[in-house]
Amino acid sequence: MMKKALLLSLSFFYFSVLWSQTEISGTVKNQNGMPVPGANIVLKNSDQGSVTDFDGQFVFSTNLSGQQDLEVSYVGYKTFSQSIDLSGEKIMLDIVLAESSNTLDEVVLTSSATFRSQKNVPMSISSVKQSSITKISPNSQADIIRSVPGITAEGGGGETASNVFVRGLPSGGQYVFNPLQYDGMPLMSTFGLNSSAHDVYARPDIGMKGVEFVRGGASVLYGAGSVAGIINYTSKTGDANPGNIINLEWGEKGRLKTDFYTGGKLGGENSNTYYAFTGFARYDEGPIVTGLPTKGIQFRGNIKQKFDKGSFTLHGQLINDNAQFFMPLPLEGGTRTRIAGNDGEEVYQLLSSQLANTSFKTPGGSYISPIEDGVHTGGGYLMSDFKYDLAEDLKMKAKVKYAKYQHNFALYIGGNGNVGPDGEGSNPLTLDDYVNFLDENNQGYSATFLGSDQQLSGNTLVVNNLHIDRLRPMTDYSGEASLTKRIETSSGNSHNITLGTFLARTEAEDINYQYRVLSEFNNDPQLINLNYTDGLGANVIYSEGGLYNRIGMTSNKYLEQNRSALFITDEMVLNRWRFDVGFRYENTKGRFNNGGIASETVYSNAELTPELSDVKFADGSFVRANVEANDWAVSLAGLYELNTDLNLYANFSKGYFFPQLRGFSPIANDVTGSKYDSEKILQFEAGAKLGKEKLSGSLAAYYVTLKDRIKITQAITNGQLVDQTRSEQNTATIGVEANWNYSITDNLNFTGGATYQNHEITKNTDEDLINGGVVSANEGNELARQPKFMTNLGLYFDNNQFDANASLNHTGKKFAADNNIVELDPISIVRLGVGYSFGFNNDSDNTMRIGASVFNLLDAEGVTEGNPRDVGQTEGAFFFGRPILPRRMFITATFNF
């Protein structure tokens, strides 16, 4: 009887518990009506909750009762809180998350083994969302990252080959110390085989979630590694970013571009396979009209298979794109403003559309110049990304990537001449003066535009130009694998220990063809055919088809480099402390195959100058050498949570950089001119991160030193671009940087950043590669092309219907070269943007945004660089430099459905 009573009581208690449970379900969306997968739903002060699925839906049951607070959180959004009454009846909720203006809440995806917010990572991190990138219609990578503190970004050349300088580290620009990555893998594993910047291999598109720039600290350890930082674009995937987007863009000077993105589930309702596909097609006659357009396509996509304990994602890219590149040109001396051409219009660029399909004979056959393609990239990559939980506390990650590109880089250096005792042909001068410089005893001349018989006036302004076709095909193999073990201690502390490896092989060609051109001084200038009668009465054909020097092949190099690295890191959480420590060891092996070049007479007309009749080409000989180097890196970092709003942090790293292999030409088989060894870099940073609802940001001081830096300076000698100087440098930089985001109202934010740095060349020796000899120079000088002060300020308004932005980016004065002879004036770029968003038929899933933006609102003409091919440049009647791109307006229409 007692047993029956006990059983009855237990049964009653069991069914009472079941009866008292409350089922809570609902959906979580953002303010645009899109589902938010992966959002955390918890009942406050309990361990009961759930996570939203692919469609933003959730469901769970709880035996709690009475009034409870339900919280919903997701990185990048404000935490949602609502009081609910748990009485046993089902509760259904429709939750909308508002975007957070606190950027420190955003998750870190780069140089970290675990998912952490920016606030909890002991190093400097900046990020930009794709929605913000789309609104500004960027001209180049520089437009996207120039707001990052500590970064100098120059985009005067157009869409590609942006020059990026980080925290006073010396470079010629491009991405020497900060590789460009897509989804955690570099676009090119080894820098310096062919001197092309990483951004020539891919273009940003709306299929990106956004971009992170991680500086210093642990960035030296993971994957490909980086001494200064890593720029990492992260792709959208169909499980996290379902939906469709079409973005139409129109810009002044003939720009038309269409971007698209589509993502979602493949298969039926129970499928765990997802897709994302994105790309663009565009045609652009600007931002500077040359008669040779920028045009091309890019497609990227991924397919993701999710399973119980992990996922497998296959990424791919296909690109066929031509982007015109703009080089320095002669400017007015003193004012450094643009000069009027023969037609009275200011000259913006000297590239001539008449050079399309230029060809000439060489000893190896006909050469057809790809000059009209500008910076051409064709090819793509495939990458697999595998993640698997071997156990709850043991995770495996592996990535394998294969990339292959056909790539040409056309450098049209307008106004680099070798006529006259002081190179007067570099600058515009009259045709009469030009011929007199050629032969002061000439008895007359005949000059016509290409395709015309009309004689040119002796007052026509003409100029010499050098063109270089850099043929840069590249193949890259890379892979990364890691294991992360999570260890929890009885005191509640944790360790995330990662053991990983990175392997890579890159094969590249470095082949150059050069020729020189005589043209009028105008925008899209006409080419000039010139004959003159010398002092002895003989006819001299000086230029033919606009060319006055068929130089031919000037570089014939084949390079390959292998990298293999091991790294171990530990990300620790010890109560209010967080520590990151790690060690990396790397070996690199390279092979340099330097092909011989000889000149032969190809054209037999006796009236031709030797520069037109003789052409250089490969002679079939090679000098080969192997190099090898090893080095190690260590990173130590700590962060202390002072309170819920403020964290203090510091990090130290000792890193290395393997110098560009192309700077170590063999002088005999298995002999290079100098020993190949790593460059040594030390970095220290300390700062604070504030994350309040109204105000978030960071303040940091840093110190960076570099030793044994190898720098190759090129110059135009005897009419050709050659390696002139090989420098070995030590440098030091101390600086302070700050960034902030202040919410003036719920819809209006004031953001900004500022950097002040003091940089110095502490040691420098220059080896003259043409005439021989070594000298010490420039010690105590500031580094070239890097300012001491930079700032960016912006106001951003967005109420989900109307949005507007106004920003100012200011770069302080800087020197054009390490010799500190020529100082470049400060540059300020102002941008404006507005947009209006609306839905269709009250459907939040279908929205349209119409936007407009203006780059360089004040049409400033500040010079981003002087003449990098003339380190002895001085100010005279003319100044050779590259101004920032001119003002340009864009209109966009973005449709989400």
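Visitor: Which residue of S7 does Ile-24 stand opposite?
Guide: Ile-24 stands opposite Ile-91 in S7. A strand here is a DSSP run of E of at least two residues, numbered from the N terminus.

Visitor: Where do these numbers come from?
Guide: This is a predicted model: local features need pLDDT of at least 70, side-chain atom pairs count only at pLDDT 80 or more, and totals for chains, interfaces and linings use all residues. Residues are numbered from 1 along each chain as its sequence is written, and side-chain values use heavy atoms, without hydrogens and water.

Visitor: Do S1 and S7 pair in the parallel or antiparallel sense?
Guide: Parallel, over seven bridges. Two strands count as paired if DSSP finds at least two bridges between them.

Visitor: What about S1 and S4, parallel or antiparallel?
Guide: Antiparallel. Six bridges join S1, residues 22-30, to S4. One partner pair is Thr-22 with Thr-62 in S4.

Visitor: What order do the three strands take?
Guide: S4-S1-S7, in an open sheet with mixed pairing.

Visitor: Why is one side of S4 and of S7 left without a neighbour?
Guide: S4 (57-62) and S7 (91-97) stand at the edges, so each has a single partner strand.

Visitor: Which residues of S7 are on the covered face?
Guide: Ile-91, Leu-93, Ile-95 and Leu-97. The uncovered face has Met-92, Asp-94 and Val-96.

Visitor: New topic. What is the order of the five strands in the open sheet?
Guide: S10-S15-S16-S13-S14, again with mixed pairing. The edge strands are S10 (124-129) and S14 (185-186).

Visitor: How many bridges join S15 to S16?
Guide: Seven, and the two strands run antiparallel. Arg-215 has Gly-229 in S16 as its bridge partner.

Conventions:
Helices (H or I, at least four residues) and strands (E, at least two) are DSSP runs, numbered from the N terminus. Buried means under 20% relative accessible area, exposed over 50%, partly exposed in between (1.4 Å probe, protein chains only).
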